[in-house]
Protein chains: 2
Amino acid sequence: MSDETPRPLLSLAELDRFCRQAFLAVGADERTADAATRGMMHATELGVDSHGVRLLPHYLRALEGGRLNRTPQVRKTGGFGAVEVIDADHAQGAVGAFHGMDRAIALARQFGVGAVAVRNSSHFGPAGAYALAAARQGVIGMAFCNSDSLVRLHDGAARIHGTNPIAVGVPVAGEDPWLLDMATSAIPYNRVLLYRSLGIELPGGVASDAAGQDTRDAMQAEMLAPLGGEFGFKGAALAGVAEILGAVLTGMKLSFDIASMDGPDFSTPRQLGAFVLALNPDAFLDRGTFDAGMRRYLDMLRSSRALAGSRVMAPGDREWQVAAERRQAGVALDPATESAFAQIAARFGLPMPAATHG
Amino acid sequence: MSDETPRPLLSLAELDRFCRQAFLAVGADERTADAATRGMMHATELGVDSHGVRLLPHYLRALEGGRLNRTPQVRKTGGFGAVEVIDADHAQGAVGAFHGMDRAIALARQFGVGAVAVRNSSHFGPAGAYALAAARQGVIGMAFCNSDSLVRLHDGAARIHGTNPIAVGVPVAGEDPWLLDMATSAIPYNRVLLYRSLGIELPGGVASDAAGQDTRDAMQAEMLAPLGGEFGFKGAALAGVAEILGAVLTGMKLSFDIASMDGPDFSTPRQLGAFVLALNPDAFLDRGTFDAGMRRYLDMLRSSRALAGSRVMAPGDREWQVAAERRQAGVALDPATESAFAQIAARFGLPMPAATHG
């Protein structure tokens with residue numbers, strides 16, 4: 001809050017360039033640099049800054065520490081029919097997730113549906129990036145994973161689930177995909193950290209103290225509440241779906257067994273799983289009917305009556321709006337990330353990401 | 001409220017017998033009688049009374065009116081690989097949904113995953129019945145459908161989605177499956193009707209008046225709110241997942257195009273879709289590892305610290321507890337259903353369901 005000067009707006013292309021160079025500078029291979037950068041840039045472009053380029057210093061540390069493998073040999077180790085099991089060889093999480101979705105898409109083209117379990121992976125960042133990768137190629141994509149425990153159960157007083165995201169992307173002819181990318185907690189943990197630093201109150205029903213009691217004091221917040229408030233058993237069960245698909249079905253660690261993302265151990269692989277699934281509309285009906293169905297659904301939804309003073313949006317609409325703005329105007333880094341980027345630039349002799357024109 | 005006498009507890013087997021006989025009495029074929037009864041009895045057994053045997057008179061009326069086909073010719077009409085498209089020929093909804101899940105399970109045994117779109121179906125009752133059918137056979141099952149509009153969008157002031165359920169069932173070695181069966185609204189519409197009849201206030205954030213404003217007055221409730229309260233965009237998007245899979249991918253009617261379940265038209269098929277998916281754990285990892293993962297997950301979950309005065313449960317735990325009680329003690333019908341059953345019994349010369357012993 002001490003920094004009152006407006007922060008420069010950096011171009012997305014320059015942020016992308018900087019991330020790739022930084023990954024290569026710590027010895028990550030081209031594939032890792034590409035996938036990790038695409039994952040973060042998806043989030044930065046769409047306004048999901050918690051999973052955007054602010055994670056670059058984190059991933060560099062994990063790659064240099066050995067938690068993440070800089071030169072992973074990703075390979076198929078199991079599955080049959082329309083299922084594959086992929087061992088990501090402790091790659092940065094986007095490597096296995098993008099590869100897994102590529103394979104799920106290929107399986108869906110052949111079998112109508114494809115499901116891929118990714119083993120020995122790590123934090124994969126924005127689940128929506130992988131669902132979107134499918135939707136961009138004309139198929140419905142879904143992505144699930146678990147993560148280290150932060151979220152209590154309904155009526156619980158202990159951290160059990162991670163924020164366990166669920167993402168679904170659906171192709172829409174002639175426009176950006178329908179895109180859901182949700183944590184199964186009400187809010188992400190970063191919101192708690194942000195409210196702590198801002199000194200403001202949390203909404204009710206989103207965080208609990210160490211006894212599991214609802215608290216609006218961000219300093220007292222020890223765990224997150226599952227989505228749904230008094231119907232939080234639904235949010236907790238949705239977290240369970242991500243847990244079962246992302247961890248049990250992949251044979252990887254359950255949320256409460258995963259080492260903290262923030263360390264102190266940055267040398268041991270965390271053994272996270274991920275699960276992706278693709279559905280090929282062409283296996284179900286002709287593409288024109290599918291496209292017309294999505295068109296009518298979205299047209300009716302967007303033109304439907306809104307609460308006074310509000311507007312209704314389809315999943316992804318807000319994100320595509322942010323993306324259009326950021327592609328045009330660029331994006332400001334938060335102070336901590338800007339400082340970390342300056343250190344990375346100095347250490348590896350990289351030019352800082354340039355500001356947008358004008 | 002005028003009826004103060006304790007209602008007799010009827011045995012589940014007798015309710016099952018009565019429903020089957022009633023379906024056959026209106027000319028439904030054996031398959032319809034079996035599937036429709038199994039669907040309702042799933043709900044009655046597990047305590048989901050809104051989708052239980054209280055629907056018998058409704059289904060009989062729809063079968064006699066012609067909305068539902070008493071002798072449907074269910075057949076495969078499309079799909080390839082691990083996908084099938086089933087035309088349910090306007091059968092009662094459980095017919096196509098159980099058949100679709102049977103096919104998805106068979107596909108999952110062959111291909112590791114199977115997905116089935118059901119066309120020309122109707123109200124399928126409890127989504128959990130179909131997910132459970134898969135889990136009982138050792139595979140993960142998912143079921144989705146849409147239904148006539150009752151639920152507003154986040155910041156919306158119009159009925160757009162149905163209560164669009166999502167169900168997931170997961171096999172657990174040595175015990176009943178993990179079972180999620182949720183409406184994507186905070187509460188079912190039946191809750192509003194119940195609170196109207198009881199004259200009590202709704203919880204906040206679950207229903208809205210005609211302007212989309214939150215209301216706790218059940219008489220003013222014109223629409224339901226999506227799950228999530230101020231994070232209702234997540235609930236609305238989950239409803240969208242059920243809408244896209246259940247209606248767009250099946251080429252069937254969107255929620256706002258579906259004729260009301262309650263009539264007045266009981267002669268025209270409603271053209272609902274349903275979508276089911278099965279995942280075979282054996283395609284992903286060895287069964288022992290899968291079973292051990294579910295075991296550890298559930299053990300940790302159930303033994304985790306609860307909020308003072310509460311207990312934590314896994315999805316399905318409450319339902320299995322009700323089921324055990326009802327298998328033992330039987331179940332009471334609500335007065336309206338008891339009266340309807342008496343009329344059905346008189347009309348077709350059927351013995352009323354017998355009470356449990358003692």
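The model is predicted, and the values given here are computed from it.

Thr32(B) lies in helix α2 of chain B, which covers residues 30-46. Leaving aside residues up to four places away in sequence, the residues that Thr32(B) touches are Thr37(B), Leu63(B), Asn69(B), Arg70(B), Pro72(B), Gln92(B) and Val95(B).

How is chain B related to chain A? A rotation of 180°, with 0.0 Å of shift along its axis, superposes chain B on chain A with an RMSD of 0.0 Å; that is the relation of a two-fold axis. The same surface serves both copies, since 99% of the contact residues of chain B recur in chain A. Among the residues of chain B, Gly228(B) is the one whose C-alpha comes closest to the rotation axis, at 2.1 Å.

In chain A, helix α2 (residues 30-46) packs against helix α4 (residues 93-111) at an angle of about 85°, and their axes are 8 Å apart. The two helices, α2(A) and α4(A), are therefore roughly perpendicular to each other, as angles from 65 to 115 degrees are classed in this way. From α2(A), the contact is made by Arg31(A), Thr32(A), Ala35(A), Ala36(A), Arg38(A) and Gly39(A), while α4(A) contributes Ala94(A), Val95(A), Phe98(A) and His99(A).

| Property of chain A | Value |
|---|---|
| Helices | ten helices |
| Strands | nine strands |
| Span of the C-alpha trace along the principal axes | about 55 × 50 × 50 Å |
| Buried residues | 59% of the 358 residues |

What radius of gyration would a compact globule with 358 residues have, and what does chain A have? Such a globule would have a radius of gyration near 21 Å, and the 20 Å of chain A agrees with this. The contacts in chain A can also be sorted by separation along the sequence: among those between residues at least 6 apart, 66% join residues at least 24 apart.

Note on methods:
Residues are numbered from 1 along each chain as its sequence is written. Chains are lettered from A and ligands numbered from 1 in the order in which they are written. This is a predicted model: local features need pLDDT of at least 70, side-chain atom pairs count only at pLDDT 80 or more; totals for chains, interfaces and linings use all residues. Side-chain values use heavy atoms; hydrogens and water are left out. Copies are superposed by least squares on the C-alpha atoms of residues with pLDDT of at least 70 in both. Contact means heavy atoms within 4.5 Å. Axes are lines fitted to C-alpha atoms, for helices over the stretch in contact, and angles run from 0 to 180 degrees between N-to-C directions. Helices (H or I, at least four residues) and strands (E, at least two) are DSSP runs, numbered from the N terminus. Angles under 35 degrees count as roughly parallel, over 145 as roughly antiparallel, 65 to 115 as roughly perpendicular and the rest as oblique. The radius of gyration is taken over C-alpha atoms; the globule rule is 2.2 Å times the number of residues to the power 0.38. Buried means under 20% relative accessible area, exposed over 50%, partly exposed in between (1.4 Å probe, protein chains only).
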